[in-house]
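Please look over the sequence and the model shown here before reading on.

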Amino acid sequence: MKNLILTTTILAATAGVALADGHGKTIRLGTEGAYPPYNFLNDAGEVDGFEREVGDALCARAELTCEWVTNEWDSIIPNLVSGNYDVIIAGMSITDERDEVIDFTQNYTLPDPSGYIALSADADLKSGILAAQTNTIQAAFIASGAGTLVEFATPEETIAAVKNGEADAVLADKAFLSPIADADADLVLLEQEELIGGGIGLGVRESDADLKAKLNAAITSMKDDGTLNKLLAKWEIFGQF
């Protein structure tokens, strides 16, 4: 599989615990590793970010032995379905279209406002060229409304498209765009926001009901004891449960 990287193995609090079917199994967590603050590769080449901490905590609470895998965004759902990993944890918003192909746990973030970044505050969002990452809720939003959509495989390419004049603005999660605008004096985070999607959830195969149940229980426990809210605040992700 293209761009498949195994990274650090996480040993859960109780190692080698069996899934509900009675057979021990290492659960592979698939992420993109290119969408900070949700997920990215740190200087050591390891998966890092909000979802790294969430995923590690969920595996410990569900008593699962897990390992991290990175995969390009545009093939992340097909490679879950084909069995290259067992869970998608990659800033993936829950949508009806995706739910027809895979199953989702409950959300572990609230719907994050999507924002626009551009070279000037008067960028044309109604009839201009708007960049978004391929197969995202932002791409679908642009395609169904104003502006002309241009898609790119990675989020970095969308930003480059604005800087080199290929696009008038980028539409993406505001949590992703805000630090980019803060760090680059040439870019402006626009005031207009869009609320799209139903929050972010873990993606699993439709046949993996037992795994989904374990992960849902772990997410509920993180919501109930405040751990999830602490991680949302730490990584400056929108909203609190």
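The sections below go through these topics in turn.

## Basis of the model

This is a predicted model, in which local features need pLDDT of at least 70 and side-chain atom pairs count only at pLDDT 80 or more, while totals for chains, interfaces and linings use all residues. Residues are numbered from 1 along each chain as its sequence is written, and side-chain values use heavy atoms, with hydrogens and water left out.

## Helix H5

Helices (H or I, at least four residues) and strands (E, at least two) are DSSP runs numbered from the N terminus.

Just after H5, Gly165 takes a positive phi of about 90°.

## Nonpolar cores

A nonpolar core is a set of buried Ala, Val, Leu, Ile, Met, Phe, Trp, Tyr and Cys residues joined through side-chain atoms within 4.5 Å. The largest has 44 residues, of which Phe50 and Tyr108 touch the most other members. A second, separate core of 13 residues includes Tyr116, Leu125, Ala132 and Ala169.

## Pocket and cavities

On a 1 Å grid over the protein atoms alone, a cavity is a set of points where a 1.4 Å probe fits but cannot get out, whereas a pocket is an open set with protein on both sides within 12 Å along at least five of seven lines; lining residues have an atom within 4 Å of a point. The largest pocket is lined by 18 residues, with Ile77, Glu97, Arg98, Asn135 and Thr136 nearest its centre. Helix H4 gives the most to this lining, namely four residues.

There are two cavities of 30 Å³ or more. Of the 18 residues lining the largest cavity, Tyr35, Gln133, Thr136, Gln138 and Asp173 are the closest to its centre, and S12 supplies the largest share of that lining, with four residues. The lining of the second largest cavity includes Tyr38, Asp112, Asp173 and Ile200.

## Asn216

Asn216 is found in helix H7, residues 209-224, and it counts as buried because its relative accessibility is 18%. Leaving aside neighbours within four places in sequence, Asn216 is in contact (heavy atoms within 4.5 Å) with Thr105 and Gln106.

Note on methods
Buried means under 20% relative accessible area, exposed over 50%, partly exposed in between (1.4 Å probe, protein chains only). Grid points are joined across faces, edges and corners, and a volume is the space filled by probe spheres set on the points.
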